[in-house]
Amino acid sequence: MNSGDTSWVLTASALVLLMTVPGLAFFYGGLVRRKNILSILMQCFVIVCVISLQWVLLGYSLAFGPSFHGIIGNLDWMGLAGVGTAPSADYGTTIPHYAFMIFQAMFAIITPALMTGAFAERMKFPAFLVFIILWSTFVYDPLAHWVWNKNGWLGAMGALDFAGGIVVHVSSGISALVLAILLGKRIGYNHKPIRPHNLPFTVLGGALLWFGWFGFNAGSALAANGLAAQALVATQVSTAAAALIWMLVEWWHNGSPTVLGAVTGAIGGLVAITPACGFVSPLSAIVIGAMAGGLCYLAVAVVKGKVGYDDSLDAFGVHGIGGIFGTIAVGIFAQEAYGGKTGVLFGNLQQFLVQGLLVLVAMAFAVAMTFILYKIVDAVIGMRVEKENELIGLDLTQQSEAAYTVIE
């Protein structure tokens, strides 16, 4: 047991929790209309509660427990049976098993929270609760097992995902797109402006996400060591490059740079470097961030409008596209001197092909399972709020509260 490693992983766990509440909650909350901000805050807050319990009771065992043929964990660790204060022989050998478990719990929490941006302003709260539990159990937990479990079949093939490009961002981003399409567009979408109601909230949330992301990426080293420092440096420079490129492209395309664009570009850079930060040099991280800023801007500002889907807060355009690109970038930019792996630029085509397969498998699985789960919940409960409730707003119709009270 190493007290320094333990302290760092516990601190990183708290940083990743901060990414969901208040970070993501305020980032998304500022982007919706004022009649729906409490619904976003409620969804993010409740996800923390629900998935914390799901993870302890079932999810951790499915994702990281003893493997059944590399497909899913068995139920030996249900309720954290066999998980304690001693280091794990499989995960984080210098930290308590509890520390690794709770660190991974924070990843399981934020992943479904990212999807809320796609269906904001139009999903019933009871349906949301049921769907999130099912999705976490049948989509997130299996993917985490395939990639991160020591016996998972994709990990055994050599697939690399340092801190969650596939397991977190592609899974949530692709599922978010499926949900946005199945739910349909918000009332008035493409007919009247639907503007963010509080951009300072969004900037605050974005800044908290950037801050917490150091725990997300550097914490994935599971030790206070050189790899953690490398991941942190890569995270910082990639994010900076992505924010600047988005700002410059938007300036050229629309005639002015916006604070919303800069913050959104930063999130795109954070997403893209997540799978790669433990395998690439700082200079490669800058290139990855710059390319992610341009690609995510293209997805959000051009492609979404041409295709016509209503991904309310661009969960797919940022997390889906950023995660896909970042995962592929591992197979391009990985260097042996930075994590022991090599990408195609340094002579290893095989890693590039494995990363491509990883993306295809994750996308196909997320699309199929999200579609099935949506149809089940929709048939039993109904996923979308009634038209009148959507017009009134989810704060009043789902939570019976108002965020802002005007006293006359």
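Figure 1. At 17% relative accessibility, Arg33 counts as buried, where buried means under 20% relative accessible area, exposed over 50% and partly exposed in between, with a 1.4 Å probe and protein chains only. The model is predicted, so that local features need pLDDT of at least 70 and side-chain atom pairs count only at pLDDT 80 or more, while totals for chains, interfaces and linings use all residues. Residues are numbered from 1 along each chain as its sequence is written, and side-chain values use heavy atoms, with hydrogens and water left out. The side chain of Arg33 meets that of Glu121 in a salt bridge, at 3.0 Å from N to O; the term denotes a side-chain nitrogen of Lys or Arg within 4 Å of a carboxyl oxygen of Asp or Glu. This pair links distant parts of the chain, 88 residues apart, with Glu121 in the loop between helix H3 (97-115) and helix H4 (125-148) and Arg33 in the loop between helix H1 (3-31) and helix H2 (37-64). Helices (H or I, at least four residues) and strands (E, at least two) are DSSP runs, numbered from the N terminus. Glu121 is itself buried, with a relative accessible area of 1%.

**Figure 2. Glu121 with Arg186.** A salt bridge of 2.7 Å, N to O, joins the side chains of Arg186 and Glu121. Arg186 lies in the loop between helix H6 (165-183) and helix H7 (199-218), and Glu121 in the loop between H3 and H4, so the pair ties together parts that are 65 residues apart in sequence. Arg186 and Glu121 are both buried.

Figure 3. The side chains of Asp310 and Arg122 form a salt bridge at 4.0 Å, N to O. Here, too, distant parts of the chain are linked, since Asp310 is in the loop between helix H10 (282-307) and helix H11 (315-333) and Arg122 in the loop between H3 and H4, 188 residues apart. Both residues, Asp310 and Arg122, are buried. A network of salt bridges links Arg33, Glu121, Arg122, Arg186 and Asp310, and a search of the whole structure finds eight salt bridges.

Figure 4. Val21 and Pro22 are joined by a cis peptide bond, with omega about 10 degrees, and Pro22 lies in helix H1. His69, a residue other than glycine, has a positive phi near 55 degrees; His69 lies in the loop between strand E1 (67-68) and strand E2 (72-73) and counts as exposed at 66% relative accessibility. Leu222 has a positive phi near 60 degrees and is placed in the loop between H7 and helix H8 (226-254), where Leu222 counts as buried at 17% relative accessibility.
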